[in-house]
Amino acid sequence: MIQRARQTIAIHFFRNVTRFWFVVTYLGQLFFAYYILMLYWKSTALGHFEKWNSVNPHFYAKGDIVGNLFFGLHVAVAAIVTILGPLQLVTKIRKKAPRFHRVSGRIYIYSAFLISLGGLYLTWVREAVGGPFMQVSITINALIILVCAFYSIKYAIKRKINLHNQWAVHLLLAMSGVWLFRVFFMLWMVIHRAPVGFDPETFTGPFLSALAVFVYILPQSVVVLYFKAKFSGSPYRKWGFSAMLLIITLAIAVGTFGAVGGMWLPRI
């Protein structure tokens, strides 16, 4: 009886922390999507392409039609997938609006292929800020996106829904890498109030190298731990993962607040 009560409490805590993570993450991504729309879509509509370079001097290059087109499509797709991505995980939408889920899911997954291939072009042709290490880490992230998108489609077609859902979560975290980088970068800045561990001029340094691994690769391990805890009969595994996810979520909340106030709104 006591064991059953412990299991019930652990399940409720696990679910509530997961929902809290989802709400914080989706709100943060909506802020990011708004930033993309206002900075890049608006400047494009007005013909002010030079504003693309307010973040990175490599984003707009006069005369480089192919490169500019790649970047334009990249940010156009980025806003769409940032809005659609988390909605794919909402159970009520999948059950009550299956057609919307299927259509938006196809848009999301095929956009994942486009955004990762476009990201590879921009990283190696336009050159990523942060040097070779950042180029390699972004490339790894792009490859993870491609693999997750492939298996999401594969298991959806085979009607292996549980596996499809798991790979969809992997895909969401992979697609969130760019957003997570900005959020945890601003969390670091909120804590230190100074560029500690990196050179702000070249945007290189040990902190940024560690951050690239943290946001592009480690989230995949967190997804694995999530499903192990979800399907485990042990309340202790659920408690342990829930505590870890709660800490991560609070960090995301602080980092998002810092990104909105210190990075995104000032640039719009």
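**A helical chain, by question and answer**

Modeller: Buried means under 20% relative accessible area, exposed over 50%, and partly exposed in between, with a 1.4 Å probe and protein chains only. This is a predicted model, where local features need pLDDT of at least 70, side-chain atom pairs count only at pLDDT 80 or more, and totals for chains, interfaces and linings use all residues. Residues are numbered from 1 along each chain as its sequence is written, and side-chain values use heavy atoms, leaving out hydrogens and water.

Biologist: Which helix holds Gln29?

Modeller: Helices (H or I, at least four residues) and strands (E, at least two) are DSSP runs, numbered from the N terminus. Gln29 falls within residues 2-45, and that run is helix H1.

Biologist: Which residues does Gln29 touch, not counting those up to four places away in sequence?

Modeller: Contact means heavy atoms within 4.5 Å. With sequence neighbours up to four places away set aside, Gln29 touches Thr82, Pro86, Ser176 and Trp179.

Biologist: Is Phe32 buried or exposed?

Modeller: Phe32 is also found in helix H1. Its relative accessibility is 8%, so Phe32 counts as buried.

Biologist: What is the C-alpha to C-alpha distance between Phe32 and Thr256?

Modeller: Leaving aside neighbours within four places, Phe32 is in contact with Thr82, Val178, Trp179, Arg182 and Trp264. Thr256 is 224 residues from Phe32 in sequence. In space, their C-alpha atoms are apart by 9.0 Å.

Biologist: How many residues does helix H2 have?

Modeller: Among the buried residues of H2 are Phe71, Val75 and Thr82. H2 reaches 29 Å from its first C-alpha to its last, close to the expected 28 Å. The expected span is 1.5 Å times one less than the number of residues. H2 covers residues 65-84, and its count is 20.

Biologist: How far does helix H5 reach from its first C-alpha to its last?

Modeller: H5 covers residues 131-157 and has 27 residues. At 1.5 Å a residue, 39 Å is expected. The model is close to that, at 40 Å.

Biologist: Where does Arg159 lie?

Modeller: Most residues other than glycine have a negative phi. Arg159 has a positive phi, near 60°. At 62% relative accessibility, Arg159 counts as exposed. Its place is the loop between H5 and helix H6.

Biologist: What is the phi of Phe203?

Modeller: Phe203 sits in the loop between helix H7 (177-192) and helix H8 (206-216). It is not a glycine, yet its phi is positive, at about 55°.

Biologist: What is the radius of gyration of the protein chain?

Modeller: This radius is taken over C-alpha atoms, and the globule rule is 2.2 Å times the number of residues to the power 0.38. With 268 residues, a compact globule would have a radius near 18 Å. The protein chain agrees with that, at 19 Å.

Biologist: How far apart are the centres of the positive and negative side chains?

Modeller: Lys and Arg count as positive and Asp and Glu as negative, without His or the chain ends. Each charge is placed at NZ of Lys, CZ of Arg, CG of Asp or CD of Glu. The chain has 26 positive and 5 negative side chains. The centres of the two sets are separated by 34 Å.
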